[in-house]
Amino acid sequence: MIFSKTLITWYLENKRDLPWRNTTNPYAIWLSEIMLQQTRVAQGLPYFLSFLETFPTIFDLANAEEEQVLKLWQGLGYYSRARNLHQTAKHIAFELNGIFPDNYKSLLQLKGVGDYTAAAIASFSYNEVVPVVDGNVYRVLSRYFGIETDIASSTAKKEFTNLASELIDKNQPALFNQAIMEFGALQCSPKKPDCDKCPLNHSCFALAKNRIDELPLKSKKTKIKDRHLHYLLYIDTANKTIVQKRTEKGIWHNLYEFPVIETTNKEPDEKIFDQISKLNNSISTITNLKSEDILHKLSHQHLHITFWKIILNAKLKEGISYTELLQLPVPIVLHNFIERNSF
């Protein structure tokens, strides 16, 4: 089909040289696909290289401590991906003798592997004829063919997958999948695509109808929740501080953080000051580090973060040094604060 051949020709001339494209090793491809979920290539690439250097095989990753994995992942966000990655590595290494499933249906059984990731590994590693359908593919297909199905609807995935299955080059499935994803990322971009240079511009529905900015359709909007986090940096007489592990489900599970006071609404500084003053009998001074205030935006939450420095005139029972603190996996917003505020 002209559509498929045009995409592949464009890809061979314009593709980025990315390390996971130069291998059929399912471990490397799986690693890259998990990392690139919800993450731009430019951000994910250094992490991919670091992981492969630290964990060159599935056995190395499986045998690592979770804290080491989370520390290396620090800054990529969506930390459940890292925890699932680690659990799946253990399953493959210890229960499957280090051998990845070699087909789409079996790959789907792995923890943290959904339709898209399974299709990517199956086609890129084993050349299975199965289409990948991600945000880039939704955009290319909806614009070119004029598909007005809401991509957030329950029927969208099946409709777009069926169409991609018809279009995929049966002789070069991996090449086609790489091509359509790269085309969506570089050429048919979300905003202000360069349609004048597009090799498909002569037959694109959205361009002909002047609807580039309207497609794909997505009606559902993410409801944003505001949370107010007041982090407490205790410093004792031994120049040590204290942290705790987030064990509850939700953001930053199993990462470390300073003691925190969370409020639903923005509270007056005086009220937070009073709460802090009642937490420890050995407090010498309390300082609101106003210059460190930050709004940290996640996909479903806006975190309004403030920091309080609390000097104690006694020793903390489980205090840790600044050097020890740097070794722990923490949310990136705390990592940046720690690097700016040595003690």
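In strand β7, H302 is the bridge partner of K297. Strand β6 covers residues 294–297 and strand β7 covers residues 301–312. The two strands run antiparallel and are joined by 4 bridges. Two strands count as paired if DSSP finds at least two bridges between them. A hairpin of 3 residues leads from β6 to β7. In a regular strand, the side chains alternate between the two faces of the sheet.

The model is predicted; local features need pLDDT of at least 70, side-chain atom pairs count only at pLDDT 80 or more, and totals for chains, interfaces and linings use all residues. Residues are numbered from 1 along each chain as its sequence is written, and side-chain values use heavy atoms, with hydrogens and water left out.

The protein chain has 15 helices and 7 strands. Helices (H or I, at least four residues) and strands (E, at least two) are DSSP runs, numbered from the N terminus. The C-alpha trace of the chain spans about 75 × 50 × 35 Å along its principal axes. The chain has 343 residues, and 48% of them count as buried. Buried means under 20% relative accessible area, exposed means over 50%, and partly exposed lies in between (1.4 Å probe, protein chains only).

Strand β1, residues 225–235, contains R227. This residue is buried because its relative accessible area is 11%. The side chains of R227 and E262 are joined by a polar contact of 2.7 Å. A polar contact is a pair of N or O atoms within 3.5 Å; within protein, one must be able to donate a hydrogen and the other to accept it, and residues adjacent in sequence count only if both atoms are side-chain atoms.

The structure holds 1 cavity of 30 Å³ or more. On a 1 Å grid over the protein atoms alone, a cavity is a set of points where a 1.4 Å probe fits but cannot get out. A pocket is an open set with protein on both sides within 12 Å along at least five of seven lines. Lining residues have an atom within 4 Å of a point. Grid points are joined across faces, edges and corners, and a volume is the space filled by probe spheres set on the points.

The largest cavity holds about 130 Å³ of space. Its lining has 14 residues, with F183, C188, C195, C198 and C204 nearest the centre. Helices α9 (135–145) and α11 (173–187) each supply at least two lining residues. The most come from α9, with 3 residues. The lining divides into 11 nonpolar, 2 polar and 1 charged. Here Ala, Val, Leu, Ile, Met, Phe, Trp, Tyr, Cys and Pro count as nonpolar, Asp, Glu, Lys and Arg as charged, and the others, Gly among them, as polar.

A disulfide is a covalent bond between the sulfur atoms of two cysteines. The rule used here asks for a pair of cysteine sulfur atoms within 2.5 Å. The count comes to 0 disulfides. The closest cysteine sulfur to that of C188 is in C204, 6.5 Å away, so the pair is too far apart for a bond. C188 counts as buried because its relative accessibility is 12%. For C195, the closest cysteine sulfur is in C198 at 6.4 Å, again too far for a bond.

Helix α12, residues 205–208, contains F205. F205 is partly exposed, with a relative accessible area of 26%. F205 and G146 are 59 residues apart in sequence, but 5.2 Å apart in space, C-alpha to C-alpha.

The second largest pocket holds about 210 Å³ of space. It is lined by 15 residues, and Y11, R21, N22, T23 and Q178 lie nearest its centre. Helix α11 gives the largest share of this lining, 3 residues. The lining divides into 7 nonpolar, 4 polar and 4 charged.

Most residues other than glycine have a negative phi, and most peptide bonds are trans. Y78 is not a glycine, yet its phi is positive, at about 45°. Y78 lies in the loop between α5 (66–73) and α6 (80–95). It is partly exposed, at 37% relative accessible area. N127 also has a positive phi, of about 55°, although it is not a glycine. The loop between α8 (115–126) and α9 holds N127. N127 is partly exposed, at 41% relative accessibility. A cis peptide bond joins L215 and P216, with omega about 0°. P216 is in the loop between α12 and β1.
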